[in-house]
Amino acid sequence: MSHFNATMATRARQLVALYPEARSALLPLCHLAQEQDGWLRPEAMAEIAELVGVTPAEVRGTATFYDMLHTEPVGRYLVSVCTNIACILDGATELLAHAEGRLGVRVGSTTADGLFTLEESECLADCDHPPCVQVNHRFVRTTTAEQFDQLVEELAAGGHAEDIPPQGTLVRVRRTGGLRVDRAEIARQRAEAAGERSS
Amino acid sequence: MAVTDAPRIVTARLDHADSHTLGRYLATGGYEGLRKALTMTPAAVASEVDAASLLGRGGAGFPAGRKWSMLKKDPVTYLVVNGDESEPATFKDHLLIERDPHQILEGMIISAYALQVTQAFVYIRGEFALGLERMEEALNDAYRHGAVGEDIFSSGFSLDIVVHPGAGAYICGEETALLESLEGKRGFPRIKPPFFPAVIGLYGQPTVVNNVETMANIPWIVTNGGAAFAALGEGRSTGTRLFALSGHVRNPGAYEVEMVKSSFRDLIYAPVLGGGIRGDRELKAFIPGGVSAPWFGPQHLDLPLGQDEVGQAGSMLGSGSVVVMDSTTCPVRASWRITKFFFRESCGQCTPCREGSGWLERIMYRIEHGGGREQDLDLLMDVCDNISPGVHWPPEQTTICVLGPSIPPSIAAGISMFRDEFLVHIKDGGCPYD
């Protein structure tokens, strides 16, 4: 019995086929599991282990190295506030303290309703918009306390569904091309693209 | 020194809101460099890149052409492109990945052709969700366009590219840690020398690892010739470079500037670039090339933006990120925060880095937060010395990778430039800026 649902199981097999060696798919598969469950459940890690040919302990041991892979549940919205050098020069400490107050949780914790997890993050490479905030790894550019509060309200009311998918969903674009895809399919896609250009 | 009117090479398309789409890319000369490259021999393409003297744009500044020439001949070789940009205050690759992914792909395809590699990977930092989506979309479009995949533009050359997401770890920007991560493991840097990735890389096969911005320069170089690129800049620093400017400037942002022709003063103060310091306050210090670099003071403002020039002055151009700190900045807090970053991101393999970063962070924390002791400054330098003997620049190394020796510079710079402020923290039992 697969832990991945049918769609995810298909995508998991495609991911493994993409690499010369199966283990390379380990991180992408962890992201996939988080897309389905929001975090890395032990059952998911066991299945990933099977898919890439390592032990479940090796999957856990690898996953725990990476900040984005969660072996415990997180909220629907993961709010990351950067306090690294460029942001701390421009109010990050204050914004993070404000975020703790607004959400009513300390850094590293999740609100009682399971909606928000707050984390202090390292540099997110958006230093010309400090302090930098991400929600589910989307740059939201709420640099003031007022903007932050407004975003939290909108998210709690179910807003931003288009641009901020639930925690765990990283890439919504599906790969459609590649040598490991059926050759006839490549020819068909190219003919179709050529047709679009000439019309 | 001045801001020159050199052509914009990697940011040429960014004024268009749809710069990331195939349509805009093709309308602005996209994939023409690839078409030209495919009419040349692979060796001829490589020699154009060599003639350009393109220095790697990741941080170490190693010549790309020479890196390519070191690739060991083997039936199976790989090209891996490093888009794991995580050096604090560096945000140039973020911009290029999100806003012009096709340019990176075209650079990769041309490079793969020159190297005769048939499998390439672009490793993108996991936190760049939009960048990953844009790159995956661009790749799909490139396959449909025939620019990648089998028999590219009917040339007989085939290449497969995989977009690989990282999962949050600074160290994976180190090229051998990146390869480990791409193999599905913890991002532990590998011991080198003797074997660099060009000899033993991904899956033990010869591998070229290049930065995203390095790749973004390749289409222009092939289209306009290596000599035209080398004509820009001066000495070893050729072409233009994308500088990420942040901190207390009026206009923080990523600016493409001709190398060596402009100075830090131009970058920070020119109205078309940084626009000066906010509130016209005094400049206290600036970090010239990522937080691993020793800091500079106002006396360094007229240094040219060139790799050797900055190196000779005792720091590095590194990742091309410049952090400006004005007179309101607490140097202890700044240096503590940078140390905390390295503590958090140390992979834990080597004792000096794993333990040293934690000790340093705790000492820096107590100084900033009122618990500093008189002997702390000596203690800090002693621990720094154990990580990087002599604490000089360029640094000595006691660790597998350069993360360890990257820890001391901000502490050493803070203490040597602002010793009196450190002492005030200790004597007064707290931060005077609070």
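In what order do the elements of chain A run from the N terminus on? The order is α-α-α-α-β-α-α-β-β-β-α-α, and the secondary structure of chain A comes to eight helices and four strands. Here helices (H or I, at least four residues) and strands (E, at least two) are DSSP runs, numbered from the N terminus. The model is a predicted one, in which local features need pLDDT of at least 70 and side-chain atom pairs count only at pLDDT 80 or more, while totals for chains, interfaces and linings use all residues. Residues are numbered from 1 along each chain as its sequence is written, and chains are lettered from A and ligands numbered from 1 in the order in which they are written.

The C-alpha trace of chain A spans about 55 × 50 × 35 Å along its principal axes. Among the contacts in chain A with a separation of 6 or more, 59% come from residues 24 or more positions apart. The domain assignment, which is automatic or from a database, gives chain A a domain 1 (6-63) and a domain 2 (77-156), and their C-alpha centres lie 29 Å apart.

H2(A) is mostly covered, with nine of its 12 residues buried; Leu26(A), Cys30(A) and Gln34(A) are among them. The cover includes helices H1 (6-18), H3 (42-52) and H4 (56-63) of chain A, together with E3 and H8 of chain B. Just after H2(A), Gly38(A) takes a positive phi of about 90 degrees.

Further along chain A, the axes of helix H6 (residues 92-103) and helix H7 (residues 145-156) come within 10 Å and cross at roughly 35 degrees. Such axes are lines fitted to C-alpha atoms, for helices over the stretch in contact, and angles run from 0 to 180 degrees between N-to-C directions. H6(A) brings Leu95(A), His98(A), Ala99(A), Arg102(A) and Leu103(A) to the contact, and H7(A) brings Ala145(A), Phe148(A), Asp149(A) and Val152(A). These residues divide into six nonpolar, one polar and two charged; Ala, Val, Leu, Ile, Met, Phe, Trp, Tyr, Cys and Pro count as nonpolar, Asp, Glu, Lys and Arg as charged, and the others, Gly among them, as polar.

Between the chains, the contact takes 56 residues from chain B and 48 residues from chain A. On the side of chain B that touches chain A, H7(B) gives the most, with 11 residues. By class, that side has 23 nonpolar, 19 polar and 14 charged residues.

Chain B itself is divided into domain 1 (22-230), domain 2 (233-326) and domain 3 (331-428). The C-alpha centres of domains 2 and 3 of chain B lie 24 Å apart, and 10 residues of domain 2 are in contact with 11 residues of domain 3.

Notes. Two residues are in contact if their C-beta atoms, placed from the backbone, lie within 7 Å. A residue is buried if 20 or more other C-beta atoms lie within 10 Å of its own, exposed if 12 or fewer, and partly exposed in between; C-beta atoms are placed from the backbone.
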